[in-house]
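Visitor: Hi! Could you walk me through this protein model in plain words?
Guide: Happy to, so let's get it on the screen.

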Amino acid sequence: MTENNPQKVLSEEEIQEALSCPCLDSMKNSPCSTQFMTSFECFIRSTNEVKGEECVEMFSNMQKCFEENKEHYDKMFSEEGDQVHSMLGGVSDDSNLKTIITPK
């Protein structure tokens with residue numbers, strides 16, 4: 001942590017609230033749920049100056065799992081991108097969003 005970039009330490013209650021967010025349900029019920037939740041929990045618990053730097057191996061394992069289950073995640077992320085596009089009124093270009101959330 002630095003004075004210019006302090007990392008807030010979350011309480012256990014805040015961490016559990018983040019982990020139980022309904023917005024994570026699709027990932028919690030997917031082929032890579034264990035890898036995702038491990039990575040996400042590591043990231044939200046991180047207090048390093050570079051947030052999540054100690055989680056790189058976990059995120060790498062999650063990415064490998066995404067690649068091994070590409071068909072599932074391509075479909076899932078495509079559908080979620082379509083939902084975001086609809087929520088935005090269909091007027092915005094969500095191609096950047098799909099680039100960000102689609103596993104390579």
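This is a predicted model: local features need pLDDT of at least 70, side-chain atom pairs count only at pLDDT 80 or more; totals for chains, interfaces and linings use all residues.

**The core and what surrounds it**

Guide: In the largest nonpolar core, which has 14 residues, Met27, Phe36, Phe66, Tyr73 and Phe77 touch the most other members. A nonpolar core here is a set of buried Ala, Val, Leu, Ile, Met, Phe, Trp, Tyr and Cys residues joined through side-chain atoms within 4.5 Å. Buried means under 20% relative accessible area, exposed means over 50%, and partly exposed is in between (1.4 Å probe, protein chains only).

Visitor: Which elements give two or more residues to this core?
Guide: Those are helix H1 (12-19), helix H3 (33-45), helix H4 (56-68) and helix H5 (70-87). Helices (H or I, at least four residues) and strands (E, at least two) are DSSP runs, numbered from the N terminus.

Visitor: OK, new topic. How many disulfides does the structure hold?
Guide: There are three disulfides, a disulfide being a pair of cysteine sulfur atoms within 2.5 Å. Counting bonded cysteines along the chain, the pattern is 1-2, 3-6, 4-5.

Visitor: What about Cys21 and Cys23?
Guide: Their sulfur atoms are 2.4 Å apart, and they form a disulfide. The torsion about that S-S bond is about 130°, so the disulfide is right-handed. Cys21 is partly exposed at 22% relative accessible area, while Cys23 counts as exposed at 57%.

Visitor: And where are Cys32 and Cys65?
Guide: These two are joined by a disulfide, S to S 1.9 Å. Cys32 is in the loop between helix H2 (25-28) and H3, and Cys65 is in helix H4, 33 residues apart, so to speak of them is to speak of distant parts of the chain. Both Cys32 and Cys65 are buried.

Visitor: Which cysteine does Cys42 pair with?
Guide: Cys42 forms a disulfide with Cys55, with the sulfur atoms 2.0 Å apart. The torsion about the S-S bond of Cys42 and Cys55 is about -90°, so this disulfide is left-handed.

Visitor: Let's look at H4. Which residues are buried there?
Guide: Met62, Cys65 and Phe66 are buried in H4. Seen down the axis of H4, the buried residues fall within an arc of 105°, so they line one face of the helix. The arc is that of the directions from the helix axis to the C-beta atoms. On the other side of H4, Val56, Glu57 and Glu68 are exposed.

Visitor: Last one: how many aromatic pairs are there?
Guide: The structure holds three aromatic pairs. Rings of Phe, Tyr and Trp (its six-membered ring) pair if their centres lie within 6.5 Å; planes under 30 degrees apart count as stacked, over 60 as edge-to-face and the rest as tilted. In one of them, the rings of Phe43 and Phe59 have centres 6.5 Å apart and planes at 85°, so the pair is edge-to-face.

Terms used. Residues are numbered from 1 along each chain as its sequence is written. Side-chain values use heavy atoms; hydrogens and water are left out.
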